Amino acid sequence: MITLEHVSKTYPGGVQAVRDLSIEVADGETLVLLGTSGCGKTTTLKMVNRLIEPTGGRILIDGDDIMERDPIALRRGVGYAIQNIGLFPHMTVSGNIAVVPRLLGWPAERIARRVDELLGMVGLEPGDFRERFPAQLSGGQRQRVGVARALAADPPIVLMDEPFGALDPITRDQLQTEFMDLEDRLRKTVLFVTHDVFEAVKLGDRIALLDAGRLQQLGTPAEIVDSPANEFVDQFLGEHRFQLSLLTQTVRQLVEPGTEPPPQERRPRTRLAHSIVEALDVFKRTARDRIPAYDEHETYIGDIRRARVLKAIAGAVGRSSAKGEEQR
């Protein structure tokens, strides 16, 4: 668990980047720090591994004050992935992933197994990518390596600072979905920074929306979209409220329990955590009226029907129209 107790950061000259911030991130939770540039989200993230040190309050990891820990040891135990990735250009893919395990003194055989395991986990064939250099990779492939490196030493906590921000929309959407599936399996405690409200709603178990260093609202995506805490939150969501409301509705809410499907029905599929928008996309790419849904353990749970998805979307349209009439 990560606990921030009345945390503040004031830079020389009096600039207050973070003001009296109190948040708890539960074990296995993905908490998204959301806001515009300069709101304090990246500063908050970097204070957790002491790349930036707070000027007030306390940050605790599993009850221990991080200021009482050696900063180097702290950082080796926390995964870190950033937008520009920061891969070492003179190292191969395997060398980049192995940086922290080597610093921790892992034996070579264990490192080699871990590298191959992680490459497979992020969708890169080890035999094809292990000995490549960063310059030989696409942007999406480099980002996958960056995520693998953050997970290399199997840290319980992973910090991610706009890791998909520099990618094209198609690659970004694909990596977001892959990250959701990966997090469902690994259940790491993730602190994720973004300025993109759609990314926040898609990836976050909860969202902390910041403005000028202050917390404006903390809640689930549905709570924030359906019940903005103040005028700032309402304006931040803006005209995207309807699309966001669809992202907060998941396959889990619509799945019908069933028995194990026949082998030919295993693909295409959807996940319980996926939104009904993603499920509709699967229906659009196929001619099927129902598709199987699986949990994070790859266990078949049941089916989701096209008709139920369309009904849920129609209901969201109706609620959005009614809310618009009220506001008029």
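The side chains of Arg306 and Asp289 come together in a salt bridge, 3.8 Å from N to O; the term stands for a side-chain nitrogen of Lys or Arg within 4 Å of a carboxyl oxygen of Asp or Glu. Arg306 belongs to helix α14 (residues 306–327) and Asp289 to the loop between α13 (276–285) and β13, so the bridge ties together parts that are 17 residues apart in sequence. Helices (H or I, at least four residues) and strands (E, at least two) are DSSP runs, numbered from the N terminus.

Before going on, a word about the model. It is a predicted one, in which local features need pLDDT of at least 70 and side-chain atom pairs count only at pLDDT 80 or more, while totals for chains, interfaces and linings use all residues. Residues are numbered from 1 along each chain as its sequence is written, and side-chain values use heavy atoms, with hydrogens and water left out.

**Salt bridges**

The structure holds 19 salt bridges. Here are three of them.

| Pair | N to O distance | Separation in sequence |
|---|---|---|
| Arg306 and Asp289 | 3.8 Å | 17 residues |
| Arg290 and Asp303 | 3.6 Å | 13 residues |

Asp289 is exposed at 58%, whereas Asp303 is buried at 15%. Arg290, at 38%, is partly exposed, and Arg306, at 21%, is also partly exposed.

**The six-stranded sheet**

Now to a sheet elsewhere in the chain. Six strands form an open sheet in the order β6-β7-β8-β3-β9-β10, with mixed pairing; two strands pair if DSSP finds at least two bridges between them. β6 (78–82) and β10 (214–219) stand at the edges with a single partner strand each, so one side of each has no neighbour in the sheet. On average, neighbouring strands are turned by 15° against each other, direction ignored. Axes here are lines fitted to C-alpha atoms, for helices over the stretch in contact, and angles run from 0 to 180 degrees between N-to-C directions.

Which strands does β3 pair with? β3 and β8 pair in the parallel sense over five bridges, with Thr194 in β8 as the bridge partner of Leu34. Four bridges join β3 to strand β9 (residues 206–211), again in parallel, and Val32 stands opposite Ile207 in β9. Five of the five residues of β3 (residues 30–34) are buried, so this strand is largely enclosed by the rest of the structure. Both of its faces are covered, with Thr30, Val32 and Leu34 on one side and Leu31 and Leu33 on the other.

Strand β7 (residues 157–161) also pairs with β8 (residues 189–194) in the parallel sense, over five bridges. Asp161 has Val193 as its bridge partner in β8.

Contact means heavy atoms within 4.5 Å. The 13 residues of α7 reach 19 Å from first C-alpha to last, close to the 18 Å expected at 1.5 Å a residue, where the expected span is 1.5 Å times one less than the number of residues.

Eleven of the 13 residues of α7 are buried, so the helix is largely enclosed by the rest of the structure. Among them are Gln141, Arg144, Val147 and Leu151. The cover over its buried residues includes β6, α3 (93–97), α5 (108–121), α6 (126–129), β7 and α8.

Helix α8 (residues 169–186) holds Arg172, which is buried at 13% relative accessible area. Leaving aside neighbours within four places in sequence, Arg172 is in contact with Phe164, Gly165, Leu167, Thr194, Asp196 and Glu199.

**The chain as a whole**

The chain has 14 helices and 14 strands. Of its 328 residues, 50% count as buried.

Definitions and conventions. Buried < 20%, exposed > 50% of the residue type's maximum accessible area, 1.4 Å probe, protein only.
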